[in-house]
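Colleague: Please go through this model with me and say what stands behind each term you use.

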Amino acid sequence: MSPAVEIIDYQRFRPCVVGNARIEVLHTGMLWAEGPVWFADGQYLLWSDIPADRIYRWCEGGGVSVFRSPSNNANGNTRDRQGRLVTCESGARRLTRTEYDGSITVLADQYRGQRLNSPNDVVVKSDDTIWFTDPDYGILSDYTGTKAQSELGFRPVFRYDPKTGDLTVATDQMVRPNGLAFSPDESILYVADTGGSHQQGGPFHILAFDVVEGGTLANPRVFAKPDVGVSDGFRIDEDGNLWTSAGDGVHCFAPDGALIGKIRFPEVISNLTFGGVRRSRLFVTGASTLYSIFVGRRGIQTP
């Protein structure tokens, strides 16, 4: 077993890791890497370097290239069910979609006439609705956006319906919502609250919400909290385990919220996604480095 792997619950975590798998360094030198998303049809990965104002592309056997520059300080990325790239542009304070021809469509940049804060992370539900967090990290300084005052005055989780163009608030009861992901059956939405980053005594935990018909969230409860650092971004595997970034690497929580294991990395981890031919390769963005490691579970990303 790799010395990077820490098994806390042998029965539940041992099948999640591969004994002879090793951590690979795919690229380094970023200022703050974020938002990895896998393109299975092209067998490549996109991810953001927010302060450098770029989106990078990694291809197996093809190395790393710049996919988009400038990127408007792109942060979180995902794909819609039609395979198009959906991006949280922290600097431009908007949610965008990259069309098949490479053109960019602005999906949302205002709510009731007021500019969004700085969209952070994003997921797409099977009904095509797009759910994204809108904390204020991109307007707190000029490092990952442009310093400005919030026009909204609150930091919500939004739900955008591309069929109608409606943007609605799913919840506004969090301090600074960050990473988010649906459970395999989409009955639960997990959302990280990293409010403690700029508020003394603020939260550093992952909440679980029931997804209510009509597009709102209910019954918030604390699901889990890393014992080192912050849960920033995360993804779910086929068994419902939640794999999250943390201060000492990647933490894996079972569906009941128990910490069952870790994979340690040499720097703070910001986000991750499943990819590879069988969706069993974990791509991990550290503060400055893109890593990967093969694991024993598959992610549920679609497509």
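Colleague: What share of residues 32-287 is helix and what share is strand, and how far apart are the end C-alpha atoms?

Modeller: Over residues 32-287 the chain is 2% helix and 50% strand, with the end C-alpha atoms 5 Å apart. Helices here are DSSP runs of H or I with at least four residues, strands are runs of E with at least two, and both are numbered from the N terminus. UniProt lists residues 32-287 as "domain: SMP-30/Gluconolactonase/LRE-like region" in an unreviewed entry. Such positions are given in the numbering used here, feature names are shortened, and annotations may be inferred rather than shown by experiment.

Colleague: What kind of model is this, and which residues count?

Modeller: It is a predicted model, in which local features need pLDDT of at least 70 and side-chain atom pairs count only at pLDDT 80 or more, while totals for chains, interfaces and linings use all residues. Residues are numbered from 1 along each chain as its sequence is written, and side-chain values use heavy atoms, with hydrogens and water left out.

Colleague: Why is Asp-232 called buried?

Modeller: Buried means under 20% relative accessible area, exposed means over 50%, and partly exposed is in between, with a 1.4 Å probe and protein chains only. Asp-232 has 12% relative accessibility, so it counts as buried. The UniProt annotation "active site", from an unreviewed entry, covers Asp-232. Asp-232 lies in the loop between β20 (216-224) and β21 (234-236).

Colleague: Which residues is Asp-232 in contact with, leaving aside its neighbours within four places in sequence?

Modeller: Contact means heavy atoms within 4.5 Å. On that basis Asp-232 is in contact with Trp-32, Glu-34, Asn-178, Gly-179, Ala-192, Thr-244, Ser-245 and Ser-270.

Colleague: What makes Asn-75 buried?

Modeller: Its relative accessibility is 6%, and therefore Asn-75 counts as buried. Asn-75 is in strand β7, and its contacts beyond four places in sequence include Glu-34, Ser-48 and Cys-88.

Colleague: What makes a set of points a pocket?

Modeller: On a 1 Å grid over the protein atoms alone, a pocket is an open set with protein on both sides within 12 Å along at least five of seven lines, whereas a cavity is a set of points where a 1.4 Å probe fits but cannot get out. Lining residues have an atom within 4 Å of a point. Grid points are joined across faces, edges and corners, and a volume is the space filled by probe spheres set on the points. The largest pocket has a volume of about 480 Å³. Of its 26 lining residues, Trp-32, Glu-34, Tyr-137, Asn-178 and Asp-232 are the closest to its centre. The largest share of this lining, three residues, comes from α2.

Colleague: How does the lining of the largest pocket divide by class?

Modeller: It has 10 nonpolar, 14 polar and two charged residues. Ala, Val, Leu, Ile, Met, Phe, Trp, Tyr, Cys and Pro count as nonpolar, Asp, Glu, Lys and Arg as charged, and the others, Gly among them, as polar. The second largest pocket holds about 390 Å³, and its lining has 10 nonpolar, seven polar and four charged residues.

Colleague: Which residues have the most contacts inside the largest nonpolar core?

Modeller: A nonpolar core is a set of buried Ala, Val, Leu, Ile, Met, Phe, Trp, Tyr and Cys residues joined through side-chain atoms within 4.5 Å. The largest has 21 residues, and those with the most contacts inside it are Phe-13, Trp-243, Val-250, Ile-263, Phe-265, Leu-282 and Val-284. β25 gives the most to this core, with three residues.
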